[in-house]
Amino acid sequence: VSGDTKKGKNFKEMHEAAGRQVLAFKDGRWIEAVSRRALAHRRLQEWLHRDHATEVSMVWEREGYLCKARADLMVSGINILADLKTTVSGSEKGFAVQVARYNYAGQAAWYLDGAQRLTGQVWDWQFIVCEKKRPFLVNCQGIPRDSEAHTRAVVENDNLFALYKTCCETRSWPGYADVDEIKLPDWSIEAGVGVEDEVTFE
């Protein structure tokens with residue numbers, strides 16, 4: 001059913017009113033393909049055959065402040081927390097770029113801290129990495145607790161939490177300062193950006 005037609009729109013409204021999420025055809029096919037790949041993955045098979053839970057909400061208190069996280073997969077017994085990520089490249093170097101760009105290490109450190117505070121146990125972190133295009137390759141990549149990425153993320157999270165705590169206590173949430181005069185970067189002046197281009201309105 002096309003979502004652009006009246007019939008398609010009525011179909012979508014009816015199912016969304018019933019609490020269902022309607023997917024585009026191509027999105028549904030992608031989910032099916034990735035699911036098949038993931039369920040055939042040896043490590044994931046091992047985790048899913050153990051005692052586990054999905055979409056686990058965690059809420060804990062830190063220095064009087066409520067903190068939260070939501071883990072995609074929590075495997076008991078071997079204490080694995082896993083998060084599903086889509087990516088263009090699931091190679092070691094390719095996904096590492098995405099981890100750095102979006103601070104996934106910070107997420108991992110935050111979740112591990114919360115899980116330990118709630119359970120009193122030490123947990124390990126894994127990403128379930130799924131490529132967006134064919135052949136929809138799936139692999140698992142971890143951030144060990146003794147790694148440089150995790151150590152740096154813990155320090156950064158502590159600093160951010162301290163900043164948040166200070167803002168709450170002082171009721172001051174500073175942003176950017178006012179700028180009375182905008183100074184263009186040197187490269188724009190040297191390149192003459194905007195000088196020769198005449199803007200016309202029709």
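Phe136 lies in the loop between β4 and β5 (138-142) of this predicted model, where helices (H or I, at least four residues) and strands (E, at least two) are DSSP runs numbered from the N terminus. Phi of Phe136 is near 55°, a positive value in a residue other than glycine. The residue is buried, with a relative accessible area of 11%; buried means under 20% relative accessible area, exposed over 50%, and partly exposed in between, with a 1.4 Å probe and protein chains only. The loop between β4 and β5 also holds Pro135, which is joined to Arg134 by a cis peptide bond with an omega of about 10°. Most residues other than glycine have a negative phi, and most peptide bonds are trans.

Residues are numbered from 1 along each chain as its sequence is written. In this predicted model, local features need pLDDT of at least 70 and side-chain atom pairs count only at pLDDT 80 or more, while totals for chains, interfaces and linings use all residues, and side-chain values use heavy atoms, with hydrogens and water left out.

A positive phi is also found at Asn79, which is not a glycine and has a value of about 50°. Asn79 is placed in the loop between β2 and β3 and is buried, its relative accessible area being 12%. Gly77 belongs to the loop between β2 and β3 as well, but Gly77 is exposed, at a relative accessible area of 69%. In the loop between α1 (6-17) and α2, Leu23 is partly exposed, with a relative accessible area of 44%. Leu23 is 80 residues from Asn103 in sequence and 28 Å from Asn103 in space, C-alpha to C-alpha.

The aromatic residues were examined next. A pair of aromatic rings is described by the distance of the centres and the angle of the planes. Rings of Phe, Tyr and Trp (its six-membered ring) pair if their centres lie within 6.5 Å; planes under 30 degrees apart count as stacked, over 60 as edge-to-face and the rest as tilted. Over the whole structure, 10 aromatic pairs are found. One of them is the tilted pair of Trp60 and Trp110, with 5.4 Å centre to centre and 50° between the planes. This pair links distant parts of the chain, since Trp60 is in strand β1 and Trp110 in helix α5 (residues 104-119), 50 residues apart. Trp60 counts as buried, at 3% relative accessibility. Tyr104 and Phe127 form a tilted pair too, with 5.7 Å between the centres and 45° between the planes. Tyr104 lies in helix α5 and Phe127 in strand β4, so this pair ties together parts that are 23 residues apart in sequence. Both Tyr104 and Phe127 are buried. Ring pairs join Phe95, Tyr102, Tyr104, Tyr111, Trp125 and Phe127 into a cluster.

Charged side chains also meet aromatic rings. A charge sits over a ring if NZ of Lys or CZ of Arg is within 6 Å of the ring centre and within 35 degrees of the ring normal. The charged end of Lys85 is placed over the ring of Tyr104, 4.2 Å from its centre, and that of Arg62 over the ring of Phe161, 4.3 Å from its centre.

In helix α4 (residues 92-101), the buried residues are Phe95, Gln98 and Val99. They are on the same side of α4 because they cover an arc of only 105° around the axis, the arc being that of the directions from the helix axis to the C-beta atoms. Lys93, Ala100 and Arg101 are exposed on the other side of α4.

The largest pocket has a volume of about 380 Å³. Its lining comprises 16 residues, of which Ala38, Leu44, Leu84, Ile128 and Cys130 are the closest to the centre. On a 1 Å grid over the protein atoms alone, a pocket is an open set of points where a 1.4 Å probe fits, with protein on both sides within 12 Å along at least five of seven lines; lining residues have an atom within 4 Å of a point. Grid points are joined across faces, edges and corners, and a volume is the space filled by probe spheres set on the points. Two or more lining residues come from each of α2 (25-39), α3 (42-48), β1 (52-62), β2 (65-75), β3 (80-87) and β4 (124-131). The largest share, six residues, is given by α2.
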